[in-house]
Amino acid sequence: MKLRLERIEFATEHTMGRLFVDGAFECWVLEDTVRAGKKIAGATAIPAGTYAVTVDFSNRFQKPMPHILDVPGFEGIRIHPGNTTNDTDGCLLVGLKRVGATVQRSRDAYRALFAKLSKAIESGEKVEIEIVHREQESV
């Protein structure tokens with residue numbers, strides 16, 4: 001399974017993108033701001049690139065969750081529900097609706113994505129996420 005996060009809006013306090021699963025739009029993604037060459041723990045988007053994704057137990061959330069692996073300089077990067085950058089802590093927040101610098105219907109987006117990821121991983125399929133920057137658009 002191939003996830004592709006296209007970052008399309010870069011602001012001082014957030015980054016907004018669209019997540020595609022095997023080429024089909026899945027949901028919106030809210031992240032912390034992209035900081036070139038500078039990392040602030042819990043307040044910086046992960047570097048663009050391609051990363052393996054698995055589902056494993058999160059000690060913080062106390063349940064299995066999607067985990068983005070081997071991100072240089074980052075640990076414990078998850079895909080999870082949330083609405084604002086106050087909820088990100090460096091992770092990817094998913095939502096079915098985008099309103100300004102927030103995502104909404106986050107739990108619905110998360111449940112649908114988690115079901116797809118879990119099914120793929122349980123069937124032995126390799127899952128990865130490619131994170132790319134597109135030119136900023138008005139959305």
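This is a predicted model: local features need pLDDT of at least 70, side-chain atom pairs count only at pLDDT 80 or more; totals for chains, interfaces and linings use all residues.
Residues are numbered from 1 along each chain as its sequence is written, and side-chain values use heavy atoms, with hydrogens and water left out.

Let's start with the fold. For the record, helices are DSSP runs of H or I with at least four residues, strands are runs of E with at least two, and both are numbered from the N terminus.

What about overall dimensions? The C-alpha atoms fill a box of roughly 40 × 30 × 25 Å along the principal axes. The radius of gyration is 14 Å, which agrees with the value near 14 Å for a compact globule of 139 residues. That radius is taken over C-alpha atoms, and the globule rule is 2.2 Å times the number of residues to the power 0.38.

Now, burial. Of the 139 residues, 43% are buried. The cut-offs: buried is under 20% relative accessible area, exposed is over 50%, and partly exposed is in between, with a 1.4 Å probe and protein chains only. The protein exposes about 7,100 Å², and carbon and sulfur atoms supply 49% of that. Those areas come from Shrake-Rupley with a 1.4 Å probe, and for residues only the protein chains shown count as cover.

On contacts, meaning heavy atoms within 4.5 Å: take those with a separation of 6 or more, and 50% of them are between residues 24 or more positions apart.

How many salt bridges does a search of the whole structure find? It finds 13, with a salt bridge being a side-chain nitrogen of Lys or Arg within 4 Å of a carboxyl oxygen of Asp or Glu.

One is K2 with E128, where the closest N and O atoms are 3.3 Å apart. K2 is in strand β1 (residues 2-10) and E128 in strand β10 (residues 128-133), so this pair ties together parts that are 126 residues apart in sequence. K2 is partly exposed at 31% relative accessible area, and E128 is partly exposed too, at 22%.

Another is R7 with E31, at 2.7 Å from N to O. Here β1 is linked to strand β3 (residues 24-31), with the two residues 24 apart. Buried or exposed, this R7? It counts as buried, at 0% relative accessibility, and E31 counts as buried at 1%.

Then D56 and R78 meet at 2.6 Å, N to O. D56 sits in strand β4 (residues 49-58) and R78 in strand β6 (residues 77-80), 22 residues apart. D56 is partly exposed at 27%, whereas R78 counts as buried at 8%.

There's a network as well: salt bridges that share partners join K2, R4, E6, K126, E128, E130 and R134.

G90 is in the loop between β6 and β7 (92-95) and counts as buried, at 4% relative accessibility. What does G90 touch, not counting residues up to four places away in sequence? The list is D32, G42, T44, I46 and I77. From G90 to R78 is 12 residues in sequence and 8.4 Å in space, C-alpha to C-alpha.

I40 is in the loop between β3 and β4 and is partly exposed, at 34%. I40 and F114 are 28 Å apart, C-alpha to C-alpha, and 74 residues apart in sequence.

And two backbone angles to look at. Most residues other than glycine have a negative phi. D22, in the loop between β2 (15-21) and β3, has a positive phi near 50°. Q62, in the loop between β4 and β5 (63-68), has a positive phi near 60°, and Q62 counts as exposed at 53% relative accessibility.
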